[in-house]
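Subject: Structure handover

Hello,

Here is the structure I said I would pass on. My notes on it follow below.

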Amino acid sequence: EVDLHSHLTTITLPLSHDIDDEYEWIVELLSWIQVPNSKRLSLLRKLATQTVVFHLWKQRNNLIHNQISFPAIAVFRSIDKELRNVISARRKYKKFRDLMAIWLR
């Protein structure tokens, strides 16, 4: 089994031969993160994944606890804004220098 840790929970994934449709997207996401690339692209993929998971979890919690569902475009805009903010806040560090240009492509 593989554990995917986040700030809020731990999701236990079955081994690949036990994967059903419910977990397939998580396995695909983890595979996408681990594809060998440049260090900057790898960092951007990890940041993007963290941001997407956070905003999907936030959307889930709003739906469960407040019965409020935000349109997909609002979630995408929040993800984009947060990633831009994260990259901008760290632009002085060498490994973050070109990330904004890569993100905006």
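An axis here is a line fitted to C-alpha atoms, for helices over the stretch in contact, and angles run from 0 to 180 degrees between N-to-C directions. Please keep in mind that this is a predicted model.

Helix α2 covers residues 39–66, and helix α3 covers residues 72–89. Their axes come within 10 Å and cross at roughly 140°. That angle makes α2 oblique to α3, since only angles over 145 count as roughly antiparallel. The crossing of α2 past α3 is right-handed. On the α2 side the contact includes Leu-44, Leu-47, Thr-51 and Phe-54, and on the α3 side it includes Val-75, Ile-79, Glu-82 and Leu-83. By class, this contact has 10 nonpolar, 4 polar and 1 charged residues.

Thr-51 lies in α2. Its relative accessible area is 5%, so Thr-51 is buried. Apart from neighbours within four places in sequence, Thr-51 touches Ile-79, Glu-82 and Leu-83.

The structure holds 2 salt bridges. One joins Asp-98 to Arg-40, with the closest N and O atoms 3.5 Å apart. Asp-98 sits in the loop between α3 and α4 and Arg-40 in α2, so this pair ties together parts 58 residues apart in sequence. Asp-98 is partly exposed at 40% relative accessible area, and Arg-40 is partly exposed at 26%.

The other salt bridge pairs Arg-84 with Asp-80, with the closest N and O atoms 2.9 Å apart. Both residues lie in α3, 4 residues apart, about one turn of the helix. Arg-84 is partly exposed, at 34%, as is Asp-80, at 23%.

Regards

Methods: Residues are numbered from 1 along each chain as its sequence is written. This is a predicted model: local features need pLDDT of at least 70, side-chain atom pairs count only at pLDDT 80 or more; totals for chains, interfaces and linings use all residues. Side-chain values use heavy atoms; hydrogens and water are left out. Helices (H or I, at least four residues) and strands (E, at least two) are DSSP runs, numbered from the N terminus. Buried means under 20% relative accessible area, exposed over 50%, partly exposed in between (1.4 Å probe, protein chains only). Contact means heavy atoms within 4.5 Å. Angles under 35 degrees count as roughly parallel, over 145 as roughly antiparallel, 65 to 115 as roughly perpendicular and the rest as oblique. A crossing is left-handed if the near helix is turned anticlockwise from the far one by less than a right angle, and right-handed if clockwise. Ala, Val, Leu, Ile, Met, Phe, Trp, Tyr, Cys and Pro count as nonpolar, Asp, Glu, Lys and Arg as charged, and the others, Gly among them, as polar. A salt bridge is a side-chain nitrogen of Lys or Arg within 4 Å of a carboxyl oxygen of Asp or Glu.
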